[in-house]
Amino acid sequence: MYQVDLNCDLGESFGAYKIGMDEQILPLISSANIACGFHAADPMVMEKTTALAAANGIGMGAHPGFPDLQGFGRREMKLSPAEVKALIIYQIGALSAFVKAAGGSLQHVKPHGALYNMAGKDEKLAMAICEGIKAVDGSLIVLGQSGSRMEEAAKKLGLPFAKEVFADRAYEEDGSLVARSKPGAMIEDEEKAVSRVIRMIKEGKVQTITGKDIPIEADSVCVHGDGEKALKFVEKIRKELLKEKIEIVPLGKLSDRKGNA
C-alpha cells in the first residue's frame, strides 16, 4: 500500500483581500501549511484557518515567509542568518498559539515562496531556518524538497524531514523547480499533472523540463489552493490517488517517511 500526504498552502487572505478557496479545499487534503502573517494572513485569518483545519482533522503546519506582504513573499530578500532564525521563531510562535487555541498541535513547518526556494540552494539560509525550528520544537517535521540544502540542514540538526513534490510545477535537472518567470514553469494540463504525481509516488521518477528523467521521492504532494481551477484540480488529484490505491494521510501519520533524520 502506497501512502502520501496531500498538502496545500492556506490562510493566505489578508484584511479585505480574499485569496484561495480554503473552506472548499480543506476537507480534501491531509495537511495545511498556514501563513503566519509575514507574507500573507493576519490574526483574524490565522484564527479562522486553524479553527477550520482543526475541525476537519487536518495536520497543521506553519508556513513562514519573508516579511513581504506586497510581494506575497515571492521576492528574494537578503537577511542575515540571525534575522532569518528569529523570523522563523516569531512566525512559528504566532501560529502555534492559534493552533493551541483551536485545540490542535503543530505538526510541521514549510517555508514559503522565495524563502523556500533560496533555502533549497543556500546552506547558511537552510541552517538558519532549521535552527529556528529546532529552537521552538525539535519534533516538528520540516517539509521541503528532496535533495535540497533544507534536507541536509534538517538531518544535521536531527529534525524529521519530509520530501515534498509539486503537482503543477516543472523541474530542472538538478531537482529544483523551474523559475516561475520561465516558459513551461507551470503544468497547466491537469491530466498531465496528475499522471506525473502518480509516477513520482509509484516509480520515484519525474520528467524534467528538458525531457530527462530524474529520481525523486514523494512523502507529500503540494497542491495550490488559489486560481480558478484549484478546487477541480484538488478534487481530481485526490480521486486519482485513491483510484491508484494510494492512501492519503497527514505527515505525522505516514508509516514510512523515508526523509526522517
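Of the 261 residues in the protein chain, 52% are buried, where buried stands for under 20% relative accessible area, exposed for over 50% and partly exposed for what lies in between (1.4 Å probe, protein chains only). This is a predicted model, in which local features need pLDDT of at least 70, side-chain atom pairs count only at pLDDT 80 or more, and totals for chains, interfaces and linings use all residues. Residues are numbered from 1 along each chain as its sequence is written, and side-chain values use heavy atoms, with hydrogens and water left out.

The confidence score pLDDT is the predictor's own, given for each residue from 0 to 100. Its average over the protein chain is 93, and 96% of the residues score at least 70. Over residues 257-261 pLDDT stays under 50, and the model has 19 contacts beyond four places in sequence for this stretch. A contact requires heavy atoms within 4.5 Å.

Eight helices and ten strands form the secondary structure of the protein chain; helices (H or I, at least four residues) and strands (E, at least two) are DSSP runs, numbered from the N terminus. The C-alpha atoms fill a box of roughly 40 × 35 × 35 Å along the principal axes. Of the contacts between residues at least 6 apart in sequence, 72% join residues at least 24 apart.

The protein chain exposes about 11,800 Å², of which carbon and sulfur atoms supply 52%; accessible areas follow the Shrake-Rupley method with a 1.4 Å probe, and for residues only the protein chains shown count as cover. The mean positions of the 34 positive and 36 negative charges are 2 Å apart. Lys and Arg count as positive and Asp and Glu as negative, without His and the chain ends.

| Residue | Relative accessible area | Location |
|---|---|---|
| Ile129 | 0% | helix α5 (residues 123-136) |
| Thr208 | 5% | loop between β7 (205-207) and β8 (213-215) |

Beyond four places in sequence, Ile129 touches Val84, Ile88, Pro111, Leu115, Ala119 and Met150. Ile129 and Arg149, 20 residues apart in sequence, have their C-alpha atoms 11 Å apart. With neighbours within four places likewise left aside, Thr208 is in contact with Tyr171, Glu172, Glu173 and Ile214.

Definitions and conventions
The place of a charge is taken as NZ of Lys, CZ of Arg, CG of Asp or CD of Glu.
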